[in-house]
Amino acid sequence: MSTQVEFPPKLVRGDFRRLSSLSLLYLNNLPLLRRIEKDALAGLTALKSFSCSYNPNLIYLDEEAFGSENSTISREKSAPHEQLYLRQNALRTLKSPLKMESWSSLSFVDLADNPWKCDCNLRWMRELKMETQMNIVCDSPSHLRGRPLSTVKTSELKCQDKWALTTFILTLSTMVAFGLVVLAASAVVCSRTRVGLYIRAKKQFSYAKVTPKTETVDLEWDPSADI
C-alpha cells in the first residue's frame, strides 16, 4: 500500500535537512508546487540525481536552493553529483543553482520544455554543454521565440535597460508639460490681440434686441386756457 504525500505550494529552508544519506530525489508531477526557496534542498550531501519535472506551476527555483554559503544546515552545498532534471515546468528564468564547474561534471542535464525568457538572465546557460543548449528553446521575447538557445548569440540576450525606460518616461513627461505651457501662453497672448479683445468685447457687451415701450397720452383742449 503506497501513501500519497501532498506537497505544499512552496518548499522552504530545511525541508530536507534530515535526509543527508538520500542519493535520489524525485519531485515530479506536483501540480501545487510553485516555488523552491533558498536552502530548501540544503543538507542532501549524498545527492546524486535530482529530478523536478512535469510541475505545471513551478515558476521559481532559488539560486541557493541547494544551500547557501552562510547556511547553518550544512557547510557543504548539496548539489546533485550526476544528473539534474528540470523538464517541463513553468520556469521562465533561472539563476544558476550550481557552480559552473558542477554543471560540467554532470553526466546528464535536462532543462527542456520550459517557457524560457531568453534575456540577460540566461547568459550563463551559453556555457552549458551544446546538447543541453539545443534543448533549451526560447518562448520570449517574440523575436527569439522558437529558437534553441544554442543558436542565440550572447549579444542577443538583452534585458530592458531600466535607466533608458526611466529617461524615456521623464522626457515624454517634460515634453507634455512644455506643450501645456506653450498652449497656456498662446491663450494669454491671443486674449490681448485685437481679435482677442474683439471676442472678449463681443461677449461682454452683446445685448438682446429690446422692444422700446411706448405710452399714449390723451391731451384734452381747454378753451379757457386761451383767455
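Because the model is predicted, local features need pLDDT of at least 70 and side-chain atom pairs count only at pLDDT 80 or more, while totals for chains, interfaces and linings use all residues. Residues are numbered from 1 along each chain as its sequence is written, and side-chain values use heavy atoms, with hydrogens and water left out.

The protein has 4 helices and 9 strands. Both kinds of element are DSSP runs, numbered from the N terminus: helices are H or I with at least four residues, and strands are E with at least two. Along the sequence, the elements follow the pattern β-β-β-β-β-β-α-β-β-α-β-α-α. Of the 227 residues, 30% are buried. Here buried means under 20% relative accessible area, exposed means over 50%, and partly exposed lies in between (1.4 Å probe, protein chains only). The protein exposes about 16,100 Å². Carbon and sulfur atoms supply 57% of that area. Accessible areas come from the Shrake-Rupley method with a 1.4 Å probe; for residues, only the protein chains shown count as cover. A contact means heavy atoms within 4.5 Å. Among contacts with a separation of 6 or more, 68% are between residues 24 or more positions apart.

Two strands pair if DSSP finds at least two bridges between them. Ser49 has Gln83 of β6 as its bridge partner.

Another open sheet has 3 strands, ordered β1-β3-β5, again with parallel pairing. Strands β1 (10–11) and β5 stand at its edges with a single partner strand each, so one side of each is left without a neighbour in the sheet. Strand β3 (residues 35–36) runs parallel to β5, and 2 bridges join them. Arg35 has Tyr60 of β5 as its bridge partner.

A search of the whole structure finds 2 disulfides. The criterion is a pair of cysteine sulfur atoms within 2.5 Å. With bonded cysteines counted along the chain, the pattern is 1-3, 2-4.

The link of Cys118 and Cys138 is left-handed, with -100 degrees about the S-S bond. Cys118 lies in the loop between β8 (116–117) and α2 (130–134), and Cys138 lies in strand β9 (residues 138–140), so the pair ties together parts that are 20 residues apart in sequence. Both Cys118 and Cys138 are buried.

Cys120 and Cys159 also form a disulfide, with their sulfur atoms 1.8 Å apart. The Cys120 and Cys159 link is left-handed, at -95 degrees about the S-S bond. Cys120 lies in the loop between β8 and α2, and Cys159 in the loop between β9 and α3 (162–192), so this pair ties together parts that are 39 residues apart in sequence. Cys120 is partly exposed at 26% relative accessibility. Cys159 is partly exposed at 34%. Cys52 is buried, with a relative accessible area of 0%.

The loop between β5 (60–61) and β6 (83–85) holds Ser71. Ser71 is buried, because its relative accessible area is 11%. A polar atom of the Ser71 side chain lies 3.2 Å from the backbone nitrogen of Ile73. Leaving aside residues up to four places away in sequence, Ser71 touches Asp39 and Ala42.

Glu63 is found in the loop between β5 and β6. At 36% relative accessibility, Glu63 counts as partly exposed. Residues up to four places away in sequence are again not counted: Glu63 touches Lys77, Lys95, Ser96 and Pro97. Glu63 and Lys99 are 36 residues apart in sequence, and their C-alpha atoms are 9.9 Å apart in space.

Terms used
Polar contact = N/O pair within 3.5 Å; in protein donor to acceptor, adjacent residues only side chain to side chain.
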